[in-house]
There are 4 protein chains.
Amino acid sequence: MTHTPAIPYSETNVRVRYAETDQMGVVYYGNYFTWFEVGRVELCRQLGFEYKKMELEDDSYIVVAEASCRYKRPARFDDLLTIRTHVKETQRRTIRFGYEIVNSASGETIAIGETVHVICDRLGRPKSMPDKYRKYFPSAESTHSRGEKHHSPQKS
Amino acid sequence: MTHTPAIPYSETNVRVRYAETDQMGVVYYGNYFTWFEVGRVELCRQLGFEYKKMELEDDSYIVVAEASCRYKRPARFDDLLTIRTHVKETQRRTIRFGYEIVNSASGETIAIGETVHVICDRLGRPKSMPDKYRKYFPSAESTHSRGEKHHSPQKS
Amino acid sequence: MTHTPAIPYSETNVRVRYAETDQMGVVYYGNYFTWFEVGRVELCRQLGFEYKKMELEDDSYIVVAEASCRYKRPARFDDLLTIRTHVKETQRRTIRFGYEIVNSASGETIAIGETVHVICDRLGRPKSMPDKYRKYFPSAESTHSRGEKHHSPQKS
Amino acid sequence: MTHTPAIPYSETNVRVRYAETDQMGVVYYGNYFTWFEVGRVELCRQLGFEYKKMELEDDSYIVVAEASCRYKRPARFDDLLTIRTHVKETQRRTIRFGYEIVNSASGETIAIGETVHVICDRLGRPKSMPDKYRKYFPSAESTHSRGEKHHSPQKS
């Protein structure tokens, strides 16, 4: 019996831009959602495909339906941050991503978040994810079973 | 016995900027949180004070702790939108705001959201809301009781 | 001989958003270009057409080729600003807009800027401005002669 | 006679974010100025100091006075870009930076730009650049002489 090793999460770095700060001296809260997007795109790349081709070649857009963020510690100008992104759940037409933003120097968690997406065509009509991409996103069932394995490594 | 009539919500308008769209032809999802901020600031103004003075004169910052949004319909370039903002709950050190973004022309709900904030000083340390602002934000108890009244107007 | 009276400039207002400030406590310099865009779109509306229809119905995009801004005074959170926009020059395939950002309360000039645009189709290929829009943008010659009149009002 | 070897320009990379595109399918023109800022900050780092410390420890802010950009080719989502930044001129209280944005894959120039900055204290009052930073920014004279050398390499 073989297992495709799961990618627990992808990691990518961003450095906080001056443009992303506000007059409170910290990063404006809305900008975290841009970092989540950076994380999603890099997760796709690390899974093995480019999100832009999913749009261009397969008329499949990952349209956001829900987004949330909990802010733990401020991020400041010039901080180097690590964005950890993982797929929390996949169903036929939806994907749920989870995010953790970490200060790369201190290792402290800055924020955690989640987004839910619906696969749509160019006109915004929901559609099923094309088969060629389905392999990258384990179905709800396999995600769950894999999650169990992940939490009970001594049993494998 | 007199009641200060509650402001159910404040309303303010924004027109969608080209800068706020993305290549999907709709507003980028992170920009809704900027509109929530616009709604909060206008709610403060309509309640009777300027948020900027709360920062400048009273060293009190409304720091965001949580933010979420559910996207119902796309917003497009040049759409005129109405932002409805209300206080959902107030406690000694936290405020919860609720938002509804409506297409002003069609009346359709574009998005609904929520943010939770902690009152902090300039250095980011939590503090109680200054008394002079407390009157604008009914306490948790009065919010609840007022909420009951609101839902049971026949009892007042 | 009749003259269509020139619109010297259009005016529209924006209030500075918290999102637009940076940790210097003033508006981030890149955001002025978004305000210029707001000014352009409102100038079109005041001239008599909607820019979005120019894209949607006539496959004509006003693509930016050059942009510049001189910053005179800082703009701060919650400031009410007036954006004055005018057409500086029109040629067959290009338009030059001029902008002045003014603090609505003090009347002081915050910034002045300029953008040059090329009319393109959806694929980015330069094209002539459709006739239906040409009437809104006086040609280079008439702009110049009108400019002369403007600077020599004693002669009219 | 000794020469401090000039850094012709610093280089840093950015990948185009979805958030940075607009409904034309290309990067919104105002976002190039954020990339210029990224270039400036990395130039400082490569010269040997952190811009954030210049603000925090030496009360010296590089406040923008002028900014301009010429757009040559569109940048698109997920493009990898190289930002080349150099100091064009330094005077007692002002610095002029030059930028070139290049598509890293094709080598094509996407945009070129320039910003002029005034050294100010925290309150926005112009001041001379602190001595400790002056060494990183050759004075106007040496910039010019170096420029001559650069343009007449056959003479060196």
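Through which surface do the copies, chain A and chain D, meet?

Reply: Happy to. First, some ground rules: this is a predicted model, in which local features need pLDDT of at least 70 and side-chain atom pairs count only at pLDDT 80 or more, while totals for chains, interfaces and linings use all residues. Residues are numbered from 1 along each chain as its sequence is written, chains are lettered from A and ligands numbered from 1 in the order in which they are written, and side-chain values use heavy atoms, with hydrogens and water left out.

Now to your question. Chains A and D meet through the same surface, because 100% of the interface residues of chain A are also interface residues in chain D.

The contact (heavy atoms within 4.5 Å) takes 20 residues from chain A and 20 residues from chain D. About 1,600 Å² is buried between chain A and chain D, and carbon and sulfur atoms give 47% of that; buried area is the accessible area (1.4 Å probe) that two parts lose on being put together, summed over both.

Charged pairs come next. Chains A and D share eight salt bridges, each being a side-chain nitrogen of Lys or Arg within 4 Å of a carboxyl oxygen of Asp or Glu. Asp78(A) forms a salt bridge with Arg45(D), and their closest N and O atoms are 2.9 Å apart. There are also ten residue pairs in polar contact between chain A and chain D, both at pLDDT 80 or more. A polar contact is a pair of N or O atoms within 3.5 Å; within protein, one must be able to donate a hydrogen and the other to accept it, and residues adjacent in sequence count only if both atoms are side-chain atoms.

On the side of chain A that touches chain D, the elements giving two or more residues are S1, helix H1 (32–47) and helix H2 (51–56) of chain A. Helices (H or I, at least four residues) and strands (E, at least two) are DSSP runs, numbered from the N terminus. H1(A) gives the largest share of that side, seven residues.

A rotation of 180 degrees with 0.0 Å of shift along its axis superposes chain A on chain B, with an RMSD of 0.0 Å. In chain A, Ser68(A) has the C-alpha nearest that axis, 2.0 Å from it. Here 24 residues of chain A are in contact with 24 residues of chain B. Chain A and chain B bury about 1,800 Å² between them, 59% of it on carbon and sulfur atoms. Met24(A), Tyr28(A) and Tyr29(A) supply 32% of the area that chain A buries against chain B, more than any other three residues. S2(A) gives the largest share of the side of chain A that touches chain B, eleven residues.

Key
Copies are superposed by least squares on the C-alpha atoms of residues with pLDDT of at least 70 in both.
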